[in-house]
Amino acid sequence: MRRALLVALFAAVPAAFAFNDAEIRAIASHGPWPPAFRPDPSNRVSGNRDAIDLGERLFFERRLSAGGAVSCSRCHVPERNWTDGEVRARGLALVDRNAPSVANVRLGHWFGWDGAHDSLWSQAIRPILDPREMGASASQVARFVRVDADYTCRYRKAFGAPPSPSDEAVLVDVAKALAAFQETLASGRTPFDEYRDALVKGDAKGIARYPETAKRGLAIFIGRGSCNVCHIGPAFTNGEFHDTGVPFFIEPGRVDPGRYEGIRKLLASRFNLLGPYNDDATRGTATGTRHVALEHRNFGEFKTPSLRNLALTAPYMHNGRLATLRAVVDHYSTLSPDRLHSDGEAILKPLRLSEAESRDLVAFLASLSDGGSAYRRKAFAADCR
Amino acid sequence: MMRWLVGAALVAHLAAAPAAPACDLPGGSAQKLQSGAHTVLFRTAPLKVGEHFAVDFAVCPPPESVRVDAWMPEHRHGMNYRPEVRALGGGRYRAEGLMLHMGGNWELVFEVRSGGKTERLTHRMQLE
């Protein structure tokens, strides 16, 4: 009788999910986390403690904007995991795209949804000068750094020299300090990381702690969903550009050309890594810029976002048009091949997930998030000596 | 007797003719592709998705020109980068600036042009 009861009980409990060796290798490739810090050779103050301090102050500094109205933290809010929760970002005016989180931003090789920048520091220049974001100028930024005694002192400590007479050179150095600070912004370990490490070590207890629903979602992610074709590696992104059928009309009659315009801007910019401000004398950091190809298919492509802290950074896609993780899963589950742009990814097919499978995939995606930003704002004192 | 002499003369002629230079790529083991008119020997560092890499290769006999590219047949697109090929002399070359930005099946393609004809030599590979 007891045996019959046990058999009945086991029959009612679904078998624990198990992955084969190839699947375990695929899962292991999404770690370990966090990755080691590697300084950016194109930025001579990357990893420099004084530059990080200067950059942190500048990140929250409204005087870098026209009229002292906004700072970088207007759209990259620490308490919102370095994004703003809005559909489209608003600086001095509404912009065309969603504000991406700057957590883990150092791991990319192109910056911005369209990759118009090839370094984190050149990316930092764009919002300062964009009239819709911070609306400042090189001369305004340089004057501010030269006149404010505390900032002048911190600039000298970070760069080993007083601000240059060249407004543009000071603007670039301000951007390099901003980049040094942003390189320190990393998301924490997640339930997925604990599971991934347990799987690699063969730790049965650790494996058992990860929810079965997330395991089933992970199986879809690396299996029939093929999500890991683009969302690769520890940061869950290949850092490149794809057209996944997200409409690129900003409003009737106005389109966002995405990567196509991004490449044109990149190659026209004097702040790119082929230009005079790259601190890497070997120009080894400029390989991507030297060889990037502009093609018609780049029209409407946007950068593959990292999935780290995804649950904390809604809304989604380059234009923020999807409000929830479930809406993102539904997008890939129901997308119509007829609506894909002619140059869209040819492998994209509707996943046609069941209700239960959609919930599983959402559970997996949610497990890629930590408990929220550990960053605490500081009260900055003007006490540089 | 006469037939034997002709045969001996032919052997002598072949022995005196310069041997076709062996197609080689110094510096380690290489993979080989063969077409009707050309042999390509090539070598890369281990490939990883999302990392730039170079291809060292030799083409025998040396062609008028050669291009290198990579293509994902199932996806119907190539790379996001345009490699540059540098001739190193003696039929040896180095292609720089390649990057395979997605996992899956790729074809590494050598387009070799000689005598007004272009041949495509293709190496298939799978990236995890």
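1. Two residues are in contact if their C-beta atoms, placed from the backbone, lie within 7 Å. In this predicted model, A:Leu171 meets that criterion with A:Ile125, A:Ala138, A:Val141 and A:Ala142, when residues up to four places away in sequence are left aside.

2. A:Leu171 also belongs to the largest nonpolar core, which has 43 residues. A:Leu171 is listed there among the residues with the most contacts inside the core, together with A:Val141, A:Val145, A:Val174, A:Ala175, A:Ala177 and A:Leu178. The elements that each supply at least two residues of this core are H3, H4, helix H5 (138-147), helix H6 (149-159) and helix H7 (167-182) of chain A. H7(A) gives the largest share, ten residues. As a general remark, nonpolar side chains tend to be buried together in soluble globular proteins.

3. The next point concerns the packing of two helices. The axes of H2(A) and of helix H8 (residues 191-201) of chain A come within 10 Å and cross at roughly 135°. H2(A) is therefore oblique to H8(A). The crossing of H2(A) and H8(A) is left-handed. On the H2(A) side the contact is made by A:Ile24, A:Ile27 and A:Ala28, and on the H8(A) side by A:Arg196, A:Leu199 and A:Val200. By class, five of the residues in this contact are nonpolar, none is polar and one is charged.

4. Chain A also touches chain B: 20 residues of chain A are in contact with 18 residues of chain B. On the chain A side, the elements that give two or more residues are helix H2 (21-28) and helix H12 (287-291). H12(A) provides the largest share of that side, four residues. The chain A side divides into nine nonpolar, six polar and five charged residues.

5. The bond from A:Gly31 to A:Pro32 is cis, with omega near 0°. A:Pro32 is found in the loop between H2 and helix H3 (49-59) of chain A. In chain B, the peptide bond that joins B:Cys60 and B:Pro61 is cis, with omega about -10°. B:Pro61 is placed in the loop between strand S3 (52-60) and strand S4 (65-72) of chain B.

6. Two residues other than glycine have a positive phi. For A:Trp82, phi is near 70°. This residue lies in the loop between H3 and helix H4 (120-129) of chain A. Is A:Trp82 buried or exposed? A residue is buried if 20 or more other C-beta atoms lie within 10 Å of its own. A:Trp82 has 26 other C-beta atoms within 10 Å, so A:Trp82 is buried.

7. A:Asn309 is not a glycine either, and its phi is positive, at about 60°. Where is A:Asn309 placed? A:Asn309 is in the loop between strand S4 (302-303) and helix H13 (325-334) of chain A. A:Asn309 counts as buried because it has 22 C-beta neighbours inside 10 Å.

Definitions and conventions
Residues numbered from 1 in each chain as written. Chains lettered and ligands numbered in written order. Predicted model: local features only at pLDDT ≥ 70, side-chain atom pairs only at ≥ 80, totals over all residues. Nonpolar A, V, L, I, M, F, W, Y, C, P; charged D, E, K, R; others polar. Buried ≥ 20, exposed ≤ 12 C-beta atoms within 10 Å, placed from the backbone. Core = buried A, V, L, I, M, F, W, Y, C linked by C-beta atoms within 7 Å. Axes fitted to C-alpha atoms, helices over the stretch in contact; angles between N-to-C directions. Parallel < 35°, antiparallel > 145°, perpendicular 65-115°, else oblique. Left-handed = near helix turned anticlockwise from the far one by under 90°.
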